[in-house]
Amino acid sequence: MSDEYEHKLEAKSDYTTDASTVGASDIDSVPEAEVADQELYHSHSWWTTYVFSQDAKYIGVQYALTAIGTGLLGLVLSWLMRIQLAFPGLGWLEPAAYYQFVTMHGMIMVIYLLTALFLGGFGNLLIPLMCGSRDMAFPYVNMLSYWAFVVAVLVLLASFFVPGGPTGAGWTLYPPQAITAGTPGSDWGIILMLVSLILFVAGFTMGGLNYIITVLQLRARGMTLMRMPLTIWGIFTATVLALLAFPALLVGCLMMTLDSMLGTSFFMPAMVSLGEKLSYDGGSPILFQHLFWFFGHPEVYIVALPAFGIVSDLLSVHARKNIFGYRMMVWAIVGIGALSFFVWAHHMYVSGMNPWFGFFFATTTLIIAVPTAIKVYNWIITLWRGNIQLSLPMLFSLAFIVTFLNGGLTGLFLGNVTVDVPLSDTYFVVAHFHMVMGIAPILVVFGAIYHWYPLITGRMLNETLGKIHFWITFVGSYAIYFPMHYQGFVGVPRRYFEIYESPYIETSTLLLNQFITIAALIVGAAQLLFLYNIIVSARLGKKSEKNPWKACSLEWQTPQMPPEHGNWGKETPKVYRWAYDFSVPGAKEDYIPQNVPPSEVTGAKVEKT
Amino acid sequence: MPVAVAIVFLLITVGSVVFHFWSPWWWPEVASNWGGMDDTIILTFWMTGFVFVVICLFISYCVWKFAYKKDKRAEYKPEDKKLEFRLTWITTLGVAALLAPGLVVWNNYVTVPDNAYKMEVFAYQWGWKYRLPGDDGILGKTDIKYISDENPFGLILEDPNGRDDRLVDGDELHLLIDRPVKFELRTIDVLHNFYVPQFRGKMDMVPGIITYYWITPTKTGDFEVLCAEYCGSGHYAMRGRVIVDKEQDYKKWEAKQITFEKMLAQNKNVKNLQLAKSTK
């Protein structure tokens with residue numbers, strides 16, 4: 001495929017070499033549109049404009065606000081858990097409540113916050129704008145996708161109010177305990193959780209098909225795949241992963257619902273639960289784990305790949321330098337995506353599956369470290385000899401590299417099957433995955449919001465508040481999770497309602513727990529500053545100029561800012577280059593937007609893209 | 001501003017290293033033959049730690065050195081095939097160097113030596129029991145159907161190998177030092193995991209199948225057992241004790257554990273007694 005791409009490049013890029021001998025019309029030629037311009041739905045009433053909107057930008061904001069709202073609940077739950085761990089004497093929580101909060105916190109953060117925010121939120125906002133299209137391919141289905149998500153969230157929240165409360169099965173929902181009496185919420189709570197997940201997957205599928213088809217079919221003229229911003233590559237690949245991975249979760253949920261409600265035995269062997277023989281027989285609990293992690297591991301990359309893409313763009317724009325090794329970055333994203341389907345059982349090294357699988361999955365897991373490392377190298381090489389503006393998006397991106405690097409390297413511990421044996425199910429694991437798929441992507445989310453906020457509202461966020469928010473969030477969350485790894489070395493198991501002063505613990509972990517909890521409370525509180533900033537700046541923020549960061553990608557080149565319905569006015573843009581022509585020698589400005597024709601920048605010594 | 005930011009990033013890097021070397025939180029000394037796991041962790045620490053420090057220092061340097069200046073232009077260099085190629089290969093070699101020793105240790109972990117003493121660890125919500133093979137060295141077969149108050153382990157009555165099995169009905173297990181032991185892990189309800197931090201080993205227990213792992217205890221002492229797979233509200237309280245003994249103490253303890261046969265006889269006596277009482 002890359003050969004074909006090179007070939008096309010040759011054919012199209014003659015014009016960049018010697019502009020003077022060729023007429024402007026030739027060097028600016030872009031292939032004709034293959035399909036007619038999109039017919040858009042125009043809303044007529046208040047309801048169809050502000051509630052049941054079919055405009056992807058608006059749906060993106062709806063998705064993001066719903067996800068962030070749900071995420072705030074997840075944050076509060078984590079506070080309650082942390083207070084229990086640090087000050088067990090207070091007796092605020094019963095064990096059952098603790099486990100319910102652990103479960104809801106995990107599921108909310110992974111699915112209802114991060115997945116929904118990156119794909120539903122940023123996907124909807126950025127795909128049409130960055131690809132130069134007027135909207136998603138199927139705006140009506142897109143609207144349904146959002147409302148299915150809302151219903152999924154409501155069903156999830158409803159589980160707090162049913163008899164027995166929400167499920168306390170842990171976010172992995174492992175049977176048999178998820179549906180047997182020893183676990184809180186094993187009657188109603190778990191069913192609502194499963195139904196909510198099923199709704200989420202249904203809703204996501206509608207959105208996901210939209211994202212993929214829009215990227216493949218509705219790109220502007222001249223926007224070849226290899227000119228797309230990495231943000232789009234990340235979101236696109238993550239969506240493909242999600243469409244392949246979520247079905248495994250879906251069937252797992254359906255089967256467990258049947259086990260629970262109809263007494264089938266997909267995952268349930270013969271067992272004696274709290275002294276009572278149950279009627280199940282012959283099912284396999286490990287089958288569920290395979291289904292769950294066949295979804296669950298790609299899920300990590302469903303969150304990570306959009307973050308990878310977005311951070312690449314933020315680094316490039318704010319370092320005023322092209323992203324280093326663009327093609328390698330694209331193939332790394334695609335490669336990581338493909339490999340992510342062959343590593344799932346590294347979550348199951350000590351699950352009781354055939355131990356010989358360990359050799360295969362340790363090898364594939366460590367192979368995936370290679371393209372991931374390449375991405376890190378390319379990010380930092382992008383900084384090299386850049387012209388680095390320490391704006392908020394840049395600060396968050398730098399913080400992302402540090403936390404992601406830290407979390408990625410501890411992944412090399414856990415992926416290496418031998419090392420995983422003593423560390424699995426300890427706080428080392430908790431620290432690892434929070435660092436790598438909690439903090440790191442969230443830092444990108446913040447960077448992205450500071451970056452694209454003017455595009456949505458036409459105003460800038462307050463810089464001072466933003467800086468305070470940044471330093472507390474970055475340093476604070478590092479202080480939470482870095483020491484937590486060492487609790488794992490001590491051997492403190494995760495999912496313990498309380499860990500007494502056990503004889504094997506040589507140095508008290510209570511002190512460390514208290515430190516971590518205080519840091520967590522501070523970091524959590526700092527998010528209020530961020531919320532305040534977002535709410536107040538929408539009205540009172542400094543007015544943003546057009547393209548405030550001087551970026552090259554298309555979303556900043558709309559005729560109006562914020563872009564209107566249909567994005568592009570009369571005609572959709574033509575694209576002449578990739579999204580990273582920063583600091584091109586010979587060009588007047590230090591950036592050349594994607595839609596600037598070569599005839600306008602004849603002196604610039606651009607490399608072919 | 002750029003200097004300050006660079007310094008903070010530098011401090012975070014240095015702080016991480018300092019914390020690593022001076023942290024009082026570290027693993028309890030290994031008390032089994034799995035010191036190799038610790039060695040692999042140490043190796044991984046050195047390699048990944050090196051990468052972490054180098055990359056973080058690089059970032060700090062770039063932030064300071066290439067800070068924004070209005071009249072300055074960044075370098076324009078989209079690709080560098082040679083550099084990318086080199087970095088890819090160095091990374092691949094590094095990763096292979098981590099993986100290879102790991103796989104060797106794993107191979108030992110999943111290959112149980114023939115002379116290992118086979119015993120059963122029995123988990124339930126929320127506690128531990130143990131079953132020793134008796135003089136014949138063979139554990140009797142079990143079935144969940146047979147579990148009852150009289151037969152708490154669910155031994156199959158017809159299996160003669162089970163008659164002399166010794167049942168440890170309590171959460172304290174004794175092990176003999178320097179004798180390899182294979183834990184045959186069994187649960188009757190949900191997932192559990194038999195974990196002693198000093199032994200390093202771990203494996204989930206799954207209802208319906210028998211899982212296993214093996215260790216050789218290398219130190220006498222009193223250790224805590226923790227359940228390491230979430231098993232419901234009582235998970236955190238599912239603890240037990242393992243005591244590693246020298247031969248003499250071990251023999252004494254073993255002799256005190258009741259055999260299945262004796263237990264059945266006792267049950268019968270109790271029943272007869274009750275019968276006799278009720279007919280009076």
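## Helix α12 of chain A and its surroundings

Let's start with α12(A), a helix of 27 residues that reaches 40 Å from its first C-alpha to its last, close to the 39 Å expected at 1.5 Å a residue. That expected span is 1.5 Å times one less than the number of residues in the helix. This is a predicted model, in which local features need pLDDT of at least 70 and side-chain atom pairs count only at pLDDT 80 or more, while totals for chains, interfaces and linings use all residues. Residues are numbered from 1 along each chain as its sequence is written, and chains are lettered from A and ligands numbered from 1 in the order in which they are written.

Helices (H or I, at least four residues) and strands (E, at least two) are DSSP runs, numbered from the N terminus. Of the 27 residues in α12(A), 20 are buried, so the helix is mostly covered. Here a residue is buried if 20 or more other C-beta atoms lie within 10 Å of its own, exposed if 12 or fewer, and partly exposed in between, with C-beta atoms placed from the backbone. Just after α12(A) comes R385(A), which takes a positive phi of about 55°.

Ala, Val, Leu, Ile, Met, Phe, Trp, Tyr, Cys and Pro count as nonpolar, Asp, Glu, Lys and Arg as charged, and the others, Gly among them, as polar.

**Where chain A meets chain B**

The contact between the chains takes 95 residues from chain A and 85 residues from chain B. Which element gives the largest share of the side of chain A that touches chain B? The answer is α12(A), with 13 residues. Other elements that give two or more residues to this side include α6 (95-131), α13 (392-415) and α16 (463-490) of chain A. This side of chain A has 59 nonpolar, 26 polar and 10 charged residues.

**Strands in chain B**

Strand β8 (residues 211-215) of chain B is mostly covered, with four of its five residues buried. Strand β5 (residues 181-187) of chain B runs antiparallel to β8(B), and five bridges join them; strands pair if DSSP finds at least two bridges between them. One bridge partner in β8(B) is W214(B), which faces K182(B) in this pairing.

**Backbone details**

| Bond | Omega |
|---|---|
| P175(A) and P176(A) | about 0° |
| M561(A) and P562(A) | about -5° |

P176(A) sits in the loop between α7 (139-158) and α8 (188-217) of chain A, and P562(A) lies in the segment after α17 (510-540) of chain A.

R320(A), in the loop between α10 and α11 of chain A, has a positive phi near 55°. R320(A) is buried because 21 other C-beta atoms lie within 10 Å. In chain B, R200(B) has a positive phi near 75° and is found in the loop between β6 (192-195) and β7 (204-205). R200(B) also counts as buried, with 27 C-beta neighbours inside 10 Å.

Technical notes
Contact = placed C-beta atoms within 7 Å.
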